[in-house]
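Subject: Structure for you to look at, with notes

Dear colleague,

I am handing over the structure below, and I would be glad if you kept it open beside this message while you read. My notes follow it.

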Amino acid sequence: MKFGVALPYGSARSTAKLCQTAEAAGWDGCFMGDAIWCEDPMIALAAAAMVTQRIRLGTMIIPMPLRRPWKIASESVALDRLSDGRLILGLGAGAVWMGWQSFPDEVTDTRLRAEMLDESIDILTLLYQRKPFDYAGKHFHLKLTLLDEMHYPPRPVQQPRIPLWVVGIWQRPKSMQRVLKCDGVLLEKRDAAGQAADVTPADVRAVHSFVQAERTLTSPFDIVMQGKIAHLAPAQQQDVLLEWQAAGATWWIENLIGLSESEATTFLQAGAPQLK
């Protein structure tokens, strides 16, 4: 199991410092959130890429209905190459409650946002191949056969594509089919009323079995769990993490959102968990 952190929203300079601290303390990954209006996480991670050498850098998550997939493709290729292949792209349909009411032109319908996310995953995968193609979706249309290949940006360092993690809601069929097209799942669950429910190790085992049986891609696949366990005693932390690992989780992401830069720095300096 690898260990990462979801960093607080903040400046690009702060992000770079925190990622540098995390790498020195043995963490495996630093991930940035994205909102409808905030300091751009791709620029923040580019700053981090310039002062780190090993740690994975990623987004959790880019709300794809707010972004043109070809713009994310060009930004992510630049960041992947800048970091020598350390980028992970976390994608989702977006959290409408995070200020979308202030931008009434944006698409808020759940079904339409899911469609836009699906098309974005398809388009990103195709663009990373640096080959001509045409795409006729409901929301996005491309005719790269009309564009001279000399104008294409280079392929990313990571092949066959930059790893894509996507939010997956267990056991919703459409959501889990989307997961099968990607390289990792940010696992969530809903109760009968549609409200957020706790994911259990049993759910992780079921998802692991589902992916093993249904996924046709041969690239590695991550099951990503996230939350807060820093308040627990070390022995309790070990118990929680070992249970997730045994169930099939490959990453634990500690949520530091809401902490000050100073608080996050102190936490990171204590080092990543060491499973016994």
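This is a predicted model: local features need pLDDT of at least 70, side-chain atom pairs count only at pLDDT 80 or more; totals for chains, interfaces and linings use all residues.

**Pockets**

The second largest pocket holds about 410 Å³ of space, and among the 19 residues that line it, Gln158, Pro163, Asp183, Ser219 and Pro220 lie nearest its centre. One of these, Pro220, can be set against Pro173, which stands 47 residues away along the chain, with 22 Å between the two C-alpha atoms. Pro173 itself belongs to helix H5, and it counts as exposed because its relative accessibility is 61%, where the cut-off for exposed is over 50%.

The largest pocket has about 1500 Å³ of space. Its lining is made up of 46 residues, and those nearest its centre are Ile61, Gly94, Val167, Glu188 and Arg190. Several elements give two or more residues to this lining, including strand S3 (56-63), helix H4 (110-127), strand S7 (164-170), helix H5 (173-180) and strand S8 (184-190). Which element gives the largest share of the lining of the largest pocket? That element is H4, with seven residues. Sorted by class, the lining of the largest pocket has 26 nonpolar, eight polar and twelve charged residues.

**Salt bridges**

Side chains of opposite charge can pair when their charged atoms come close. In this structure there are eleven salt bridges, and one of them joins Glu188 to Arg190, with 3.1 Å between the closest N and O atoms. Both of these residues were named above among those nearest the centre of the largest pocket. Glu188 is partly exposed, at a relative accessible area of 28%, and Arg190 is likewise partly exposed, at 28% relative accessibility.

Another salt bridge runs between Asp203 and Lys189, where the closest N and O atoms are 2.8 Å apart. Asp203 lies in helix H6 (residues 201-214) and Lys189 in strand S8, so this pair ties together parts that are 14 residues apart in sequence. Are Asp203 and Lys189 buried or exposed? Asp203 is buried, and Lys189 is buried too.

Glu75 is partly exposed, with a relative accessible area of 22%, and Lys71 is partly exposed at 47%. Finally, Asp118, Asp122, Arg178 and Lys181 are linked in a network of salt bridges.

**Aromatic rings**

A pair of aromatic rings is described by the distance of the centres and the angle of the planes. The count here comes to six aromatic pairs. Why is the pair of Trp70 and Phe140 called edge-to-face? The ring centres of Trp70 and Phe140 are 5.9 Å apart and the planes stand at 85°, so the pair is edge-to-face, given that the cut-off for that class is over 60 degrees. The pair links distant parts of the chain, since Trp70 is in helix H3 (residues 69-82) and Phe140 is in the loop between strand S5 (134-136) and strand S6 (141-143), 70 residues apart. Trp70 is partly exposed at 33% relative accessibility, whereas Phe140 is buried at 3%.

Elsewhere, Phe31, Trp165 and Trp251 form one aromatic cluster, and Arg113 lies over the face of Trp100, at 5.7 Å from the ring centre.

**Backbone details**

Two peptide bonds deserve a look. The bond joining Gln159 and Pro160 is cis, with omega about 10°, and Pro160 sits in the loop between S6 and S7. The bond from Trp170 to Gln171 is also cis, with omega near 10°, and Gln171 is in the loop between S7 and H5.

Asp84, although not a glycine, has a positive phi of about 60°; Asp84 lies in the loop between H3 and strand S4 (87-92) and is exposed, with a relative accessible area of 64%.

With best wishes

How values were computed:
Residues are numbered from 1 along each chain as its sequence is written. Side-chain values use heavy atoms; hydrogens and water are left out. Rings of Phe, Tyr and Trp (its six-membered ring) pair if their centres lie within 6.5 Å; planes under 30 degrees apart count as stacked, over 60 as edge-to-face and the rest as tilted. Helices (H or I, at least four residues) and strands (E, at least two) are DSSP runs, numbered from the N terminus. Buried means under 20% relative accessible area, exposed over 50%, partly exposed in between (1.4 Å probe, protein chains only). A charge sits over a ring if NZ of Lys or CZ of Arg is within 6 Å of the ring centre and within 35 degrees of the ring normal. On a 1 Å grid over the protein atoms alone, a cavity is a set of points where a 1.4 Å probe fits but cannot get out, and a pocket is an open set with protein on both sides within 12 Å along at least five of seven lines; lining residues have an atom within 4 Å of a point. Grid points are joined across faces, edges and corners, and a volume is the space filled by probe spheres set on the points. Ala, Val, Leu, Ile, Met, Phe, Trp, Tyr, Cys and Pro count as nonpolar, Asp, Glu, Lys and Arg as charged, and the others, Gly among them, as polar. A salt bridge is a side-chain nitrogen of Lys or Arg within 4 Å of a carboxyl oxygen of Asp or Glu.
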